[in-house]
Amino acid sequence: MWELASVLIGGICTLAIFSFLIKENAVYRSFEHLFIGIAAGFAPVFTIKNFLWPNILAPLLGFGVEYFPDGTVLTPYNSSYLLYIFPLSFGLLYYTIYSKQFGWLAKLVIGLSLGFSAGLGIKGFFAEMVPQIRSSLKPLIVFSAEGISWTSSLSNIVFVGAMTLVFLYFLSTVKNDSLQKGSSSKAARWVMMICFGAFFGSTVMARMALLVERVQFMSGPWFQAVKGLIAGGV
């Protein structure tokens with residue numbers, strides 16, 4: 001019964017969301033708010049259940065201690081988990097933002113969080129961009145065991161040529177009207193439009209995959225559930 005109810009409710013929610021294709025209506029807005037509310041409620045529960053409790057609270061409170069049947073300790077309590085109290089206490093200072101007298105304490109947590117986020121962002125930027133720059137330095141002539149690999153060489157030549165055109169298009173340190181108004185500029189725009197078109201096509205394909213999944217659900221399990229419900233009622 002629970003599985004049947006979940007299928008029926010899922011189909012009703014899908015139809016309510018797809019009603020936006022006709023026009024914006026109260027049913028769509030109601031289910032939109034319902035979805036946002038469920039997602040907002042699911043996030044803290046998921047965080048507590050899958051991260052905060054098993055990784056921090058349970059070891060800190062000693063729930064991970066195991067015993068033999070005779071009462072002998074199998075895995076003793078690790079006192080190093082008590083160090084979690086310090087970051088937990090510091091993080092709780094964030095809630096002083098609701099106090100006029102101690103609200104300045106929240107700035108310490110916010111400043112530390114922004115500093116860590118900036119450091120991780122810079123690290124992630126270099127970790128992502130440096131390998132891309134290194135992979136962009138391709139040889140124009142590729143040799144293989146049989147000699148020159150013309151397919152790989154042609155691919156690298158096209159890649160380096162396209163990258164050079166786009167680089168010159170955005171070159172702003174040297175003022176040169178010929179780079180921005182000549183044939184190289186037009187070729188660079190064509191290269192970028194092809195790239196943007198490929199990105200947009202992949203986005204559309206991802207959306208179509210979601211649509212196909214919903215259509216299969218509505219025409220398969222949901223239709224059979226409604227059919228069985230009607231047959232049972234009759």
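## A quick tour of a predicted helical model

Glutamate 213 is partly exposed, at a relative accessible area of 39% (buried is under 20%, exposed is over 50%, and partly exposed is in between, using a 1.4 Å probe and protein chains only). Keep in mind that this is a predicted model: local features need a pLDDT of at least 70, side-chain atom pairs count only at pLDDT 80 or more, and totals for chains, interfaces and linings use all residues. Residues are numbered from 1 along each chain as its sequence is written, and side-chain values use heavy atoms, with hydrogens and water left out.

**How confident is the prediction?**

- The protein chain has an average pLDDT of 87, and 94% of the residues reach at least 70 (pLDDT is the predictor's confidence in each residue, from 0 to 100).
- Helix 4 has the highest mean pLDDT among the elements, 91, while helix 6 (residues 177-181) has the lowest, 55. Helices here are DSSP runs (H or I, at least four residues), and strands are too (E, at least two), numbered from the N terminus.

**Salt bridges**

- Searching the whole structure turns up two salt bridges (a side-chain nitrogen of Lys or Arg within 4 Å of a carboxyl oxygen of Asp or Glu).
- Side chains of opposite charge can pair when their charged atoms come close.
- Glutamate 213 pairs up with arginine 214, with 3.0 Å between the closest N and O atoms. Arginine 214 is partly exposed, at 24%.
- Glutamate 24 and arginine 29 make a salt bridge as well, and their closest N and O atoms are 3.9 Å apart. Glutamate 24 is partly exposed at 48% relative accessibility, and arginine 29 is partly exposed at 34%.

**The largest nonpolar core**

- Six residues make up the largest nonpolar core: Val7, Leu8, Phe217, Met218, Trp222 and Ala225. Such a core is a set of buried Ala, Val, Leu, Ile, Met, Phe, Trp, Tyr and Cys residues joined through side-chain atoms within 4.5 Å.
- Helix 1 and helix 7 are the elements that give two or more residues to this core, and helix 7 has the largest share, with four residues.
- Leaving out residues up to four places away in sequence, alanine 225 touches Leu4, Val7 and Leu8 (contact means heavy atoms within 4.5 Å).

**A nonpolar patch on the surface**

- Ile17, Phe18, Leu21, Phe200, Val204, Met208, Leu211 and Val215 form a nonpolar surface patch, and together they have about 730 Å² of accessible area.
- The elements giving two or more residues to the patch are helix 1 (2-18) and helix 7 (183-233). Five residues come from helix 7, the largest share.
- Patches are made of residues with over 30% relative accessible area and no salt bridge; like charges are joined within 9 Å, and nonpolar side chains (Val, Leu, Ile, Met, Phe, Trp, Tyr) within 5 Å. The areas come from the Shrake-Rupley method with a 1.4 Å probe, and for residues only the protein chains shown count as cover.
- Phenylalanine 200 sits in helix 7 and is exposed, with a relative accessible area of 59%.

**Two more residues to look up**

- Serine 153 is in helix 5 (residues 150-169) and counts as buried, at 4% relative accessibility. Not counting residues up to four places away in sequence, serine 153 touches Leu140, Ile141, Val142 and Ile148.
- Leucine 93 lies in the loop between helix 3 (85-92) and helix 4 (104-136), and is partly exposed at 25%. Apart from neighbours within four places in sequence, leucine 93 is in contact with Leu105, Ala106 and Val109.
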